Amino acid sequence: METRQQTPYIGITVAIGGQLMLPLENLVACPQCDTLHAQTDVPDGAKAHCMRCGAAMVETRSTAITNVLSLALTSFVLMIAAVSFPFLDLSIGGQTNGTSVLGAVMAFSDTFSLPLAFAVAGFIVFLPLLRLGAIIAAVLPLVTHRTPGRFHRHAFGLAETLRPWSMAEIFIVGVSVALVKVAGLATISFGPAFWAFTLLVILTFFQDTLICRYSVWRALDTSRA
Ligand SMILES: [Zn+2]
């Protein structure tokens, strides 16, 4: 605990005799391993890491918000590209068949598999888009120096709730497994949407692991009207 003041990193706080040494609102949990740390201000340009697993935990407010907004905007544009451009072409014996993501979803749209079409469209397109929109809406007042209201905190809360339900990466893993099976039978060429989706999955990984949610929550809370 003494070393906490001398370093930008925040120290591990342990419970003594089942009693937490600090009030709950002064503790931050590591997003990777849940180790509790004491909250402290991070100097400009510094980053606080978890002392147990090294995961980035707290960034300075401006860095965190810039990162959140830029990743969310990029992902939003990529998602639009992933949905509108051709996804892949299959050629067998001189015949070529191409599809887009929406085309793949519509393939399930006969009567019996209609719920499946809704589920696929929801989990890989609409929920990720809604989540990205919510993130952008939540941090926009922080970037434009306006005071965030209840709506913005709800929007960021919604984005956090939707996190496990955005399954674009599961879709791309599924497609890759299917392509390995088809590779021997047909010639496959990837469209721009495939690469957009792949990039999106990489960005989602960064968004989920490197982004400092704590800084965003704190900024939304402290600039409260
Ligand atoms: Zn950790």
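**Entry 1: α7 and its neighbours**

I started with what the buried residues of α7 pack against: β6 (56-59), α1, α3 (114-143) and α4 (150-162). This is a predicted model, so I kept in mind that local features need pLDDT of at least 70 and side-chain atom pairs count only at pLDDT 80 or more, while totals for chains, interfaces and linings use all residues. Residues are numbered from 1 along each chain as its sequence is written. For the element names, helices (H or I, at least four residues) and strands (E, at least two) are DSSP runs, numbered from the N terminus.

Which residues of α7 are buried? I noted Ser 215, Val 216, Ala 219 and Leu 220. They sit on the same side of α7, because they cover an arc of only 130° around the axis. (The arc is that of the directions from the helix axis to the C-beta atoms.) On the face turned away from the buried side of α7 I found the exposed residues Asp 221 and Thr 222. My cut-offs: buried is 20 or more other C-beta atoms within 10 Å of the residue's own, exposed is 12 or fewer, partly exposed is in between, with C-beta atoms placed from the backbone.

**Entry 2: α1 against α7**

I looked up the crossing of α1 (residues 61-84) with α7 (residues 213-222): the axes come within 9 Å and cross at roughly 105°. Axes here are lines fitted to C-alpha atoms, for helices over the stretch in contact, and angles run from 0 to 180 degrees between N-to-C directions. α1 and α7 are therefore roughly perpendicular to each other; that label covers 65 to 115 degrees, with under 35 as roughly parallel, over 145 as roughly antiparallel and the rest as oblique.

From α1, the contact uses Arg 61, Ala 64, Ile 65 and Val 68, and from α7 it uses Ser 215, Val 216 and Ala 219. I count two residues as in contact if their C-beta atoms, placed from the backbone, lie within 7 Å. The contact residues divide into five nonpolar, one polar and one charged. Nonpolar means Ala, Val, Leu, Ile, Met, Phe, Trp, Tyr, Cys and Pro, charged means Asp, Glu, Lys and Arg, and the others, Gly among them, are polar.

**Entry 3: α3 against α4**

I had the axes of α3 and α4 coming within 8 Å and crossing at roughly 150°. Residues making the contact include Leu 127, Leu 130 and Arg 131 of α3, and His 152, Ala 155 and Phe 156 of α4. I got 12 nonpolar, one polar and one charged residue for this contact.

**Entry 4: Ser 91**

Ser 91 lies in strand β7 (residues 86-92). Not counting residues up to four places away in sequence, Ser 91 touches Thr 96, Ala 186 and Thr 187. Ser 91 and Ser 189 are 98 residues apart in sequence, yet 8.3 Å apart in space, C-alpha to C-alpha.

**Entry 5: positive phi**

Most residues other than glycine have a negative phi. I noted Asp 34, with a positive phi near 70°, in the loop between β3 (27-29) and β4 (36-38). Asp 34 counts as exposed, with 10 C-beta neighbours inside 10 Å. His 145 has a positive phi near 60° and sits in the loop between α3 and α4. With 7 C-beta neighbours inside 10 Å, His 145 counts as exposed.
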